[in-house]
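Please look over the chain below before reading on. The briefing after it is meant for quick reference.

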Amino acid sequence: MTQHDSPTLPAHRPGASRQAPDAPDAPSPSRTTQPWTPALLYTLGFLTVYLLAICTPWGQRAENALFGLGKGNPEAAWIYPLSGADYGSTPLPPLELSAKPTLMVGLAVIVVLTLARRCWWQGCAALGVVILTTGGKEVLKSTLPRPDLVGAPENLLDQGFPSGHTAIPAALTLAAVLMVSPRIRPYTATAGVLWLACIAAYSATNGGHRPSEVLGATLLACACYGLATWLLPPATAPGTTPSPRALPVTTLTLALAIALVSGARSDTLTRSLVSAATAFLCAALVWYTAAGRPAHTAHRTRPALD
């Protein structure tokens, strides 16, 4: 009689499935990648603002009308004493003559942090964000046309798209987010967003820039940040960092308050509110870009156990 021996089954060891090399419980940093869509969306937003506000008659009329509200005197802005326009006064960075020193100091801080922390990829990305934003602003300001479609006065035909004063705090804030440790990243973003809200509101209300120019500078900085994070190696790209639950609401509430004060004028309420709303939108964009956009994680499927 032939005896058929049943095949011996391997003994099941508790925890063996958890030790399988092909079935990790959590995705490793090497499989975390940054999507390219934010950079594209911010670029499309930049182009949309330019086309609608500058290349259409109704866009030009709407923004030119803001300059006719009130007396047109920059001294009517509440924070004018901090603008540095008065002889001998100290400007709030990066207003007036403090723009270039602020930019140089920001670049120097990035270099020092790169050398101290030896985060070479993040340092190069941060420098790229600042250089592309501020350099791109200069190129775009000199190349993008501003056609006169409504017969505007000559003093309203100067090209100021995008705003240089707004580009500096937006770019430096996003660069700082790339450089600092994850623990303090949300608080760094908060400080930068509040700074941006102040500068953007004042730039839009004092007569130096239109709201579209302020918003365009912010979108340009966000597009450069999106490009930089997409090009970073996956293991070095910043992801979503846990932060106190109340921090986003607190940050945006303070940004709104600062925008209202910085954009306020004593001669017109409409211009003040439009400037504050523009600055708050800029602050919200940078906050979402720096602290609110999660990394895209490619999950591997756990093999089924028989």
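This is a predicted model: local features need pLDDT of at least 70, side-chain atom pairs count only at pLDDT 80 or more; totals for chains, interfaces and linings use all residues.

Residues are numbered from 1 along each chain as its sequence is written, and side-chain values use heavy atoms, with hydrogens and water left out. The chain holds nine helices and two strands. Helices (H or I, at least four residues) and strands (E, at least two) are DSSP runs, numbered from the N terminus.

**Overall fold**

- Along the sequence, the elements run β-α-α-α-α-α-α-α-α-α-β.
- The chain has 306 residues, and 43% of them count as buried. Buried means under 20% relative accessible area, exposed means over 50%, and partly exposed is in between (1.4 Å probe, protein chains only).
- Take the contacts between residues at least 6 apart in sequence: 80% of them join residues at least 24 apart. Contact means heavy atoms within 4.5 Å.

**Nonpolar cores**

- The largest nonpolar core has 57 residues. Such a core is a set of buried Ala, Val, Leu, Ile, Met, Phe, Trp, Tyr and Cys residues joined through side-chain atoms within 4.5 Å.
- Val 130, Phe 161, Leu 174, Leu 178, Leu 219 and Val 286 have the most contacts inside this core.
- Two or more residues come from each of helix 1 (37–54), helix 3 (99–117), helix 4 (120–143), helix 5 (164–179), helix 6 (185–205), helix 7 (211–231), helix 8 (247–262) and helix 9.
- Helix 7 gives the most to this core, with 10 residues.
- A second, separate core has seven residues, including Ala 77, Ile 79, Leu 95 and Ile 199.
- Leaving aside neighbours within four places in sequence, Leu 174 is in contact with Val 129, Ala 221, Cys 222, Tyr 225, Val 286, Thr 289 and Ala 290.

**Largest pocket**

- About 450 Å³ of space lies in the largest pocket. On a 1 Å grid over the protein atoms alone, a pocket is an open set of points where a 1.4 Å probe fits, with protein on both sides within 12 Å along at least five of seven lines. Grid points are joined across faces, edges and corners, and the volume is the space filled by probe spheres set on the points.
- The lining has 22 residues, and the closest to the pocket centre are Glu 96, Ala 99, Gly 164, His 165 and His 209. Lining residues have an atom within 4 Å of a point.
- Helix 3, helix 4, helix 5 and helix 6 each give two or more residues to the lining. Helix 4 gives the most, with five residues.
- The lining divides into eight nonpolar, nine polar and five charged residues. Here Ala, Val, Leu, Ile, Met, Phe, Trp, Tyr, Cys and Pro count as nonpolar, Asp, Glu, Lys and Arg as charged, and the others, Gly among them, as polar.

**Backbone points to check**

- Most residues other than glycine have a negative phi, and most peptide bonds are trans.
- A cis peptide bond joins Pro 93 and Pro 94, with omega about 5°. Pro 94 sits in the loop between helix 2 (57–67) and helix 3.
- Another cis peptide bond joins Phe 161 and Pro 162, with omega about -5°. Pro 162 is in the loop between helix 4 and helix 5.
- Glu 96 is not a glycine, yet has a positive phi of about 50°. Glu 96 lies in the loop between helix 2 and helix 3, and is partly exposed at 42% relative accessible area.
- Arg 118 also has a positive phi, about 55°, without being a glycine. Arg 118 lies in the loop between helix 3 and helix 4, and is exposed at 64%.
- Leu 97 is in the loop between helix 2 and helix 3, and counts as exposed at 77% relative accessibility. Leu 97 and Gly 84 are 13 residues apart in sequence and 7.7 Å apart in space, C-alpha to C-alpha.

**Two residues of helix 9**

- Ser 272 is in helix 9 (residues 269–292), and counts as buried because its relative accessibility is 7%.
- A polar atom of the Ser 272 side chain lies 2.8 Å from the backbone nitrogen of Arg 265.
- Leaving aside neighbours within four places in sequence, Ser 272 is in contact with Thr 205, Gly 263, Ala 264 and Arg 265.
- Thr 278 also lies in helix 9, and is buried at 11% relative accessible area.
- With neighbours within four places in sequence left aside, Thr 278 is in contact with Pro 211, Val 214 and Leu 215.

Definitions and conventions
A polar contact is a pair of N or O atoms within 3.5 Å; within protein, one must be able to donate a hydrogen and the other to accept it, and residues adjacent in sequence count only if both atoms are side-chain atoms.
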